[in-house]
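Let's take a walk through this one together. Have the sequence handy and keep the 3D view open as we go.

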Amino acid sequence: MSKQLLISVAELKQKKRFTTWLGRDEVMALMTPDGVRVYSAMCPHQGGPLGEGVIKDNQITCPWHGCSYELTQGDCTDIGTCRNVSGMKLQTLKFTVENDANVYVDLPEPAP
Ligand code: FES
């Protein structure tokens with residue numbers, strides 16, 4: 001695992017959402033009513049850019065086909081215009097908040 005600083009808690013509280021590339025992974029940190037969450041920014045449907053999705057009522061909607069995911073657990077709540085999909089969920093990334101100040105994400109080491 002590779003631990004990397006993602007964002008300060010103060011900045012995330014201000015922005016509510018922060019998306020960045022860490023190596024080959026696009027990562028999305030969110031400040032939700034239940035605290036910090038860190039997910040892959042790729043939609044589990046077909047890899048759409050969730051970092052560009054609309055956030056409303058603690059849900060994010062993918063701009064490609066309209067799938068919505070609630071932000072606390074990452075469960076799909078609406079399949080939008082998609083067909084024959086079920087059980088989709090945002091990919092949760094392991095993270096830590098140290099001293100209530102900074103959010104770090106743990107990424108797997110890249111394959112050699
Ligand atoms: S890629 Fe996100 S809804 Fe299809």
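This is a predicted model: local features need pLDDT of at least 70, side-chain atom pairs count only at pLDDT 80 or more; totals for chains, interfaces and linings use all residues.

Four strands make up an open sheet, and they run in the order S5-S6-S7-S8 with antiparallel pairing. Strand S5 (54-56) and strand S8 (76-78) sit at the edges with a single partner strand each, so one side of each has no neighbour in the sheet. Going from one strand to the next, the twist averages 30 degrees. As a reminder, strands of a sheet pair through backbone hydrogen bonds, either parallel or antiparallel.

S5 pairs with strand S6 (residues 59-61) in the antiparallel sense, over three bridges. To find your place there, look for Val-54, which stands opposite Thr-61 in S6.

A hairpin takes you from S3 to S4 through two residues. Here Val-27 stands opposite Ser-40 in S4.

Val-27 also brings us to the core. The largest nonpolar core has 24 residues, and Leu-6, Val-27, Met-28, Ala-29 and Val-38 touch the most other members. Strand S1 (2-8), S3, S4 and strand S10 (102-107) are the elements that give two or more residues to this core. Which of them gives the most? That's S3, with five residues.

Finally, zoom in on Met-28. Leaving aside residues up to four places away in sequence, Met-28 touches Arg-17, Thr-19, Tyr-39, Ala-41, Leu-50 and Gly-51.

Key. Residues are numbered from 1 along each chain as its sequence is written. Two strands pair if DSSP finds at least two bridges between them. Axes are lines fitted to C-alpha atoms, for helices over the stretch in contact, and angles run from 0 to 180 degrees between N-to-C directions. A nonpolar core is a set of buried Ala, Val, Leu, Ile, Met, Phe, Trp, Tyr and Cys residues joined through C-beta atoms within 7 Å. A residue is buried if 20 or more other C-beta atoms lie within 10 Å of its own, exposed if 12 or fewer, and partly exposed in between; C-beta atoms are placed from the backbone. Two residues are in contact if their C-beta atoms, placed from the backbone, lie within 7 Å.
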